[in-house]
Each structure stands twice: as C-alpha cells, then as structure tokens.
Amino acid sequence: MTKPPKPKPLLQDVDKSVRSRPSKPRNPAQPNLPLDPMPDRIDPCLALLKPKPPKGPQWAFEVKWDGYRLSVHVEPTGIRILTRGGHDWTHRFPAIQQAALWLPVGSAILDGEAVVLDEKGRSDFGLLQQSLGGRGGKKRSSDAIFMAFDLLYFDGPDLRNSELDMRRHLLADLVPTGEQGDIRLSEEIEADGDQLLASACEHGLEGIIAKRRDAPYRSGRLGDWLKIKCIQSDSFVIVGYERSTVARAGIGRLLLAARKGDDLVYVGGVGTGFNERSAAELREQMDKLIIGKATVDTGRKRNAVFVDPKIVAEIEYRAWTHDGKLRHASYKGLRDVQDNAIPYQPRGRPGDRG
C-alpha cells in the first residue's frame with residue numbers, strides 16, 4: 001500500500017523561523033567509538049509532561065507522535081521490533097521489518113514510534129489501533145510507518161552515554177531527512193518552543209516534544225525529554241459503565257479511575273468519543289469482567305455495571321475540577337495493560353504513556 005506523503009504540517013503557512021534543522025556532514029576526524037555488546041533490550045526514555053515549552057538553545061524540538069512506542073533492533077540474525085513493555089511485535093509490523101532490513105547498517109537499535117497517518121499527514125492512534133485489529137487484536141499492520149527519533153546502538157558502539165546531538169547526527173546519516181519509506185526520520189524543528197506549540201495546535205497535532213541536546217539517553221521519566229500537549233490526554237482504568245437504552249452498544253458513560261499508590265481513585269466518567277465499532281469492542285471487553293461490587297467509590301450511580309479494573313482507556317480532557325474529576329472528557333481508544341493508569345494528581349499535571 002502506498003504510504004501518505006511525509007507530514008510537514010508545521011512547516012506550512014507559518015513564520016520562516018519554523019523549519020527543519022539542516023543536516024551536518026559527518027566529521028571525518030571524529031574519533032572511533034569503542035565496541036560494546038549489543039543490548040538485548042533497552043527501557044525507553046520517557047517524556048515528562050509540562051504545561052509550557054522550555055526556553056534556551058539547549059533544547060531541541062520535535063512533533064509529538066501519537067502511536068505505539070517501539071524499538072527496532074537490527075541484528076546479524078535479523079530484525080526484532082519490541083514494544084515499550086518488551087513484547088516482540090516483529091510479526092505485527094511487516095512493512096517496518098522489511099524497511100529495517102534495507103537500512104545500511106549491520107547492527108543498530110532505533111527508538112521511535114509506530115504511527116498511521118491520516119489524510120492530512122497527522123498521526124492517528126485510532127487508525128493505528130484499527131490496522132492492528134483493535135485492543136487484543138492480532139492483525140498485521142502494513143499501514144504503520146516508523147518515525148525514528150533516536151539511535152541507541154550503531155555498528156558496535158553503545159550510544160546511550162553520548163549526547164543527543166551526536167545520536168541524532170548519526171541517525172540522520174542512517175535515515176536521511178526527506179525519506180518516504182516505512183522508516184522515516186522524526187525531524188528536529190528549529191523554532192521557538194511557544195511558536196512551535198501554537199503551530200502544532202493550529203494544525204490539529206497532539207503537541208510537541210523538547211529534548212536536552214547535551215543529555216545522554218537515560219531510561220525512565222527523568223526530565224531530559226519533555227512533552228507539551230495541545231489537549232491533555234492520559235490513560236485511565238475503566239471500573240464500570242452506566243447503561244443506556246439509546247447510546248451505542250448500551251454504554252451511557254464509562255466510569256474511570258486513576259492510581260493512588262496501590263489503590264484506585266474515581267475520577268469521573270466519559271460519555272463521548274465512541275463510534276459503533278469502538279463501543280461494541282468496549283462492551284465485549286467489559287462484559288467479560290463484570291463484578292458484583294465497585295472497586296472504587298463512584299458515588300450513587302443509576303444503572304451502573306461494575307467491572308474488574310483490567311482495561312485501560314486513553315481519555316482526552318481539558319482540565320480537572322476542584323474535586324478531582326475530569327472536565328470535558330472524551331474517549332480516544334484502548335491502551336495496552338502495560339501502559340497502566342496515570343498516578344492520581346489532579347491539581348498537578350498527570351503523566352501518560354510516553
């Protein structure tokens with residue numbers, strides 16, 4: 001299937017300072033790096049949610065992609081594609097696997113995001129999920145492409161202790177700017193962070209990512225990478241639903257909870273964002289998990305059905321109410337259980353899947 005054109009929505013109809021950062025030629029005098037054993041798996045570096053873009057030349061900016069975080073391992077024995085939780089999904093992304101085989105490298109680990117683009121070149125998590133057969137589905141996606149944004153291992157050297165600028169420099173040699181294949185470079189955008197965020201929001205994107213240029217690659221959510229969103233979006237546990245005789249699949253509202261230590265805290269409900277397909281999928285999943293008593297205090301609910309809290313949903317919302325409930329929430333899709341629910345911190349800024 002022919003892939004959509006490479007998305008460049010942020011580079012159109014905006015100030016000239018918003019443009020791709022030019023690629024530099026490799027310095028032939030650069031010293032040889034030591035040879036290191038290739039890691040079997042690397043826990044990803046995760047972005048910390050912030051309300052505003054950071055300031056200063058030490059920060060590099062990219063588009064925030066809305067898909068599945070993956071690492072592509074190019075090994076002498078073949079290709080492995082691993083999820084954030086370490087599951088081998090090589091068979092689920094045949095087009096990305098084939099593109100990795102064609103990379104001009106003997107061994108490498110690329111960090112990035114599998115996405116499906118809509119007609120405007122924006123990543124759409126719902127389209128990606130559909131291409132894989134929905135939550136729990138087993139389909140192979142030939143529509144997904146891999147947006148590479150970091151290089152962790154490269155023909156012998158382990159690059160995690162190197163600065164981001166150096167890792168990106170090598171990545172741009174491996175996946176050149178402007179490539180239209182199934183593995184593409186997530187381009188660094190040279191712009192003021194506030195201006196870039198405004199442009200991203202104007203074009204209907206999820207937000208932007210800021211990364212410290214001088215930082216090594218550190219697993220976990222430590223602040224070297226930041227994410228700034230146009231609309232808040234996080235993962236919550238479904239603890240039940242309210243029946244409806246008129247809504248799709250009989251679901252009036254999903255009842256949601258966030259984690260507070262080892263416990264769950266009720267954060268309100270969501271009754272919009274479903275279509276026929278997603279509502280039917282939800283109902284099928286929830287009806288397998290019905291329990292007699294709610295696992296959290298949801299208050300008095302009419303026609304409520306409670307479920308074992310094993311399903312994680314991605315929810316968009318505008319803000320938190322004073323009593324810790326989601327405002328203007330909308331259902332976006334189901335997440336993998338490994339993504340878990342966010343910590344309960346309604347007066348702060350909750351984290352998400354990364």
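The mean pLDDT of the protein chain, a predicted model, is 85, and 84% of its residues reach 70 or more; pLDDT is the predictor's confidence in each residue, from 0 to 100. Over residues 4-21 the pLDDT is below 50, and this stretch has 51 contacts in the model beyond near neighbours in sequence, a contact being heavy atoms within 4.5 Å. Residues 347-354 also stay under 50, with 40 contacts beyond four places in sequence. Where pLDDT is low, the predicted coordinates should not be read in detail.

Residues are numbered from 1 along each chain as its sequence is written, and side-chain values use heavy atoms, with hydrogens and water left out. Because this is a predicted model, local features need pLDDT of at least 70 and side-chain atom pairs count only at pLDDT 80 or more, while totals for chains, interfaces and linings use all residues.

**Overall make-up**

- The protein chain has 5 helices and 19 strands; helices (H or I, at least four residues) and strands (E, at least two) are DSSP runs, numbered from the N terminus.
- Of the 354 residues in the protein chain, 53% are buried. Buried means under 20% relative accessible area, exposed over 50%, and partly exposed in between (1.4 Å probe, protein chains only).
- The accessible surface of the chain comes to about 16400 Å², and carbon and sulfur atoms account for 49% of that surface. Areas come from the Shrake-Rupley method with a 1.4 Å probe; for residues, only the protein chains shown count as cover.
- Among contacts between residues at least 6 apart in sequence, 70% join residues at least 24 apart.

**Cysteines**

- The structure holds 1 disulfide, defined as a pair of cysteine sulfur atoms within 2.5 Å. The disulfide joins Cys201 to Cys230, with an S to S distance of 2.1 Å.
- Cys201 lies in helix 4 (residues 193-202) and Cys230 in the loop between strand 11 (225-229) and strand 12 (232-243), so the pair ties together parts 29 residues apart in sequence.
- The torsion about the S-S bond of Cys201 and Cys230 is about -100 degrees, so this disulfide is left-handed.
- Cys201 is partly exposed, at 33% relative accessibility, and Cys230 is partly exposed at 24%. Cys45 is buried, at 2%.

- In helix 3 (residues 164-174), 8 of the 11 residues are buried, so the helix is largely enclosed by the rest of the structure.
- The buried residues of helix 3 include Arg167, Arg168 and His169. Among the elements that the buried residues pack against are strand 3 (59-63), strand 8 (183-185) and strand 10 (207-212).
- The largest nonpolar core has 33 residues, of which Val72, Phe93, Ile96, Leu110, Leu151 and Ile183 touch the most other members. A nonpolar core is a set of buried Ala, Val, Leu, Ile, Met, Phe, Trp, Tyr and Cys residues joined through side-chain atoms within 4.5 Å.
- Elements giving two or more residues to this core include helix 1 (94-101), helix 2 (125-131) and helix 3.
- Apart from this core lies another, of 25 residues, among them Phe236, Leu282, Met286 and Leu289.
- Leu151 touches, among others, Leu110, Arg167, Leu170, Leu171 and Leu174, not counting residues up to four places away in sequence.

**Strand 6 and its partners**

- Strand 6 is mostly covered, with 8 of its 8 residues buried.
- Strand 4 and strand 6 run antiparallel and are joined by 7 bridges; two strands pair if DSSP finds at least two bridges between them. Ser71 stands opposite Asp111 in strand 6.
- Strand 6 also pairs with strand 7 in the antiparallel sense, over 8 bridges. Ala114 stands opposite Phe146 in strand 7.
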